[in-house]
Amino acid sequence: MASTPSAKPGRILAKAMSDRLGRDGPDDCITFSRCNGREFQIEMSPFYICNSPAIESRYRKFLAAVRDEWEFDTDQDDGEHPETVIDDFHAWLINVFEPVFLEVAPDIPPSFDPAKIATGEAHPLLSEYFFPEEYRCRLEAEADKPFPILMRDAESRWVPPLNYIEPELVQRVGQYVKFFRPSEVEVSFKKPDHALSESPTRVLVELDDSGRKTLCFLKTFAVGGFLVLEKELEAHLRILQSSLAHDVRIARLRGVVAVDEDTKILGLLLTYINHRRENDGLLFEDCLLHTPIPLRQRWARQIQETVAQLHSAGLVWGDAKAENVIIDKNNDAWLIDFGGGYTEGWVDKDKAGTAEGDLQGVAKIVEHLSNEEYEPYPDSDDWEEDDYLRQDAARSEAAPRKITRVCTSQLRT
């Protein structure tokens, strides 16, 4: 039975997490939101928006932005960007559903309480996040007045991101890494407040019998992404079976989170890279604008060396591009994403998954890093004297690496 709750005193910490289009019709959408550790599935459709031109216009504008079919000229109108439209609609939707949130999620579960997490009293588990209390809702409107509807007896539409793999693959992977239940994995948010608003990617798990927990990166896959998952597991198996040195800076498979006889995979536990704060360690243009030339040269050299080491071990990177490089807090470059595939503009389709494709992608990464438009500020000229760069040069002289360099001519010396 549906009902429209009335607000009562309380505190809500709600956030829209994702949108799913076309569940029941081409113009339908479900926005999945979190509030105080609970999951809310807010269904929307023009069918339930009656005699409400302003709300319907707002909703259709949101749909266009989500579909990435933006047809507005940002030089005209008000210059809105699709991401801005989506964020504004989410904020409006959260405000509309505040009475629902206050009725069914007025308090914070102890394990998601930021104050308890900060003091170490609470330790949220992956199972609590991916299998939470769930509530199904619907947005209705009449005469441009929105009505937040709580469908109390409706079956949930929340689908955990589980993907099936064959028992044979489970057996092969299990020879090298352990499988864990979600209840065995502790979520480690960078900031306690993130427990109420962010999808978990940092987790703690006891990888061996030492009693110590290791920080890992949790990589999940969209529902229906089993082929991508299988390809990535096969790639990590090749790495685990290879002669690649353990100190090569790549994200490695450390474990698997699964349910139901280990065949339904929730996610992969990968090497956690303590990345730079700027752009989460990614090589985006706005980061490179303020990056001195010697540091960019350092990253290019490290990427080239790592790819050469992969090739020497009979391995390939696969989807070689700048987005698959992470810079850690020591300013070292790490390679991530070994699931294969290719990205147009970085690797040609006919070279995907080959050493030749890797070299093509690396050449373009080097070109990306040496772009003249990324000249740093003039006062950064003395940066080359930074202690750790001189220490790095000393280490290189003491223990030179026998690695073939590629594309060095594209970097300015």
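R172 has a relative accessible area of 25% and counts as partly exposed. In these terms, a residue is buried under 20% relative accessible area, exposed over 50%, and partly exposed in between, using a 1.4 Å probe and protein chains only. The model is predicted, so local features need pLDDT of at least 70 and side-chain atom pairs count only at pLDDT 80 or more, while totals for chains, interfaces and linings use all residues. Residues are numbered from 1 along each chain as its sequence is written, and side-chain values use heavy atoms, with hydrogens and water left out.

**The chain as a whole**

The chain has 11 helices and 16 strands. Helices (H or I, at least four residues) and strands (E, at least two) are DSSP runs, numbered from the N terminus. Of the 413 residues in the chain, 48% are buried. A contact means heavy atoms within 4.5 Å. Among contacts between residues at least 6 apart in sequence, 67% join residues at least 24 apart.

R172 forms a salt bridge with E168, with a distance of 2.5 Å from N to O. A salt bridge here is a side-chain nitrogen of Lys or Arg within 4 Å of a carboxyl oxygen of Asp or Glu. The two residues lie four places apart in helix 6, which means that about one helical turn separates R172 from E168. An α-helix has 3.6 residues a turn, so residues three or four places apart point the same way.

Helix 6 covers residues 167–174, and its buried residues are L169, V170 and V173. Viewed down the axis of helix 6, these buried residues fall within an arc of 105°, so they line one face of the helix. The arc is taken from the directions that run from the helix axis to the C-beta atoms. The cover over the buried residues of helix 6 includes strand 9 (178–180), helix 7 (226–241) and strand 13 (253–259).

The axes of helix 6 and helix 7 come within 10 Å and cross at roughly 30°. Helix 6 is therefore roughly parallel to helix 7. Axes are lines fitted to C-alpha atoms, for helices over the stretch in contact, and angles run from 0 to 180 degrees between N-to-C directions. Angles under 35 degrees count as roughly parallel, over 145 as roughly antiparallel, 65 to 115 as roughly perpendicular, and the rest as oblique. Helix 6 and helix 7 make a left-handed crossing. A crossing is left-handed if the near helix is turned anticlockwise from the far one by less than a right angle, and right-handed if clockwise. On the helix 6 side, L169, R172 and V173 take part, and they meet E230, L233, E234 and L237 in helix 7.

**Helix 1 and helix 2**

Helix 1 (residues 53–66) packs against helix 2 (residues 82–96) at an angle of about 135°, and the axes are 9 Å apart. The two helices are therefore oblique to each other, and the crossing of helix 1 and helix 2 is left-handed. I55, R58, Y59, K61, F62, A65 and V66 in helix 1 meet P82, V85, I86, F89, H90 and W92 in helix 2.

M44 is found in strand 4. Leaving aside neighbours within four places in sequence, M44 is in contact with D27, D28, C29, T31, Y59, F62, F89, L93 and L139. The C-alpha atoms of M44 and D27 are separated by 8.6 Å, and the two residues are 17 residues apart along the chain.

**Salt bridges of R38**

The chain's salt bridges number 23. R38 pairs with D107 in one of them, the closest N and O atoms being 2.8 Å apart. This pair links distant parts of the chain: R38 lies in strand 4 (residues 38–44) and D107 in the loop between helix 3 (98–104) and helix 4 (114–119), 69 residues apart. R38 also forms a salt bridge with E133, at 3.6 Å from N to O. That pair too links distant parts of the chain, since E133 is in the loop between helix 5 (126–130) and strand 6 (134–142), 95 residues from R38.

**K351**

K351 sits in the loop between strand 16 (333–335) and helix 10 (355–369). Not counting residues up to four places away in sequence, K351 touches E356, G357 and Q360.

**Accessibility of residues named above**

| Residue | Relative accessible area | Class |
|---|---|---|
| M44 | 3% | buried |
| R38 | 7% | buried |
| K351 | 17% | buried |
| E133 | 42% | partly exposed |
| D107 | 43% | partly exposed |
| E168 | 44% | partly exposed |
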